[in-house]
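The following note sets out some points on the structure shown below.

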Amino acid sequence: MGPLAQAGLRSILIREPHVPAPRLDVLCDAAGAEGLDVWVHDRHPHARHRSEGLHLSAAGSLADPARPFGQSCHNAAELRRAFAAGARYALLSPVFQPTSKPDDRRPPLGVEGFVSLAAGRPVWALGGITLARAAALHRAGGRGVAVLGGIFGQPDPRSAAKMVTKLLATWSDGT
């Protein structure tokens, strides 16, 4: 088990479309070698050529129904469509004002809105996730979180990642 898995990380979503295909291959192979579930966002031009799970945008559709996929969602209708199509998980956003998208004008769902829409399904909260907010989501029945700005937007991303994974390790279902 590699350092990412040892820190508590279970999955990684590679979502940057500008990463050259050879670098994407290296990233996917390295994360897979650490025992992580690897998902590649479909906005990457090479994503559908990889064998890892595919992450679809909210409007995306899957050409290969046998391939595992997850999907970005922003409302109840998108969640219904994703799970009806066989999504293994959904990222629901914005739960709070995203730190990585300060100009995002969509109204945040908040804890109650997120939990209501997630309805016990494998839905991960995205948008403005901090340690305190992740803990509040967990106490309210949330299954998991996805973090961008709460790690990469911090002065010390490595320490922030360790704190997030430590918190997530306390969640009973390990998400």
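Which residues have the most contacts inside the largest nonpolar core?

1. The model is predicted: local features need pLDDT of at least 70 and side-chain atom pairs pLDDT 80 or more, while totals for chains, interfaces and linings use all residues. Residues are numbered from 1 along each chain as its sequence is written, and side-chain values use heavy atoms, without hydrogens or water.

2. L79, F114, V123, A125, I129, L137 and V145 have the most contacts inside the largest nonpolar core, which has 31 residues. Another core, of 6 residues, lies apart from it and includes W39, L91, W124 and A146. (A core joins buried Ala, Val, Leu, Ile, Met, Phe, Trp, Tyr and Cys residues through side-chain atoms within 4.5 Å; buried means under 20% relative accessible area, exposed over 50%, partly exposed in between, with a 1.4 Å probe and protein chains only.)

3. The buried residues of helix 2 (residues 21-33) are L24, C28 and A31. They fall within an arc of 70° seen down the axis, so they line one face of the helix. (Helices are DSSP runs of H or I, at least four residues; strands are runs of E, at least two. The arc is taken from directions between the helix axis and the C-beta atoms.) On the other side, P22 and A33 are exposed.

4. Two aromatic pairs are found in the whole structure. The ring centres of W39 and Y89 are 4.9 Å apart with planes at 80°, so this pair is edge-to-face. (Pairing of Phe, Tyr and Trp rings, the six-membered ring for Trp, requires centres within 6.5 Å; planes under 30 degrees apart are stacked, over 60 edge-to-face, the rest tilted.) W39 lies in strand 2 and Y89 in strand 5, 50 residues apart.

5. Y89 and W124 also form an edge-to-face pair, at 6.1 Å and 80°.

Methods. The expected span of a helix is 1.5 Å times one less than its number of residues.
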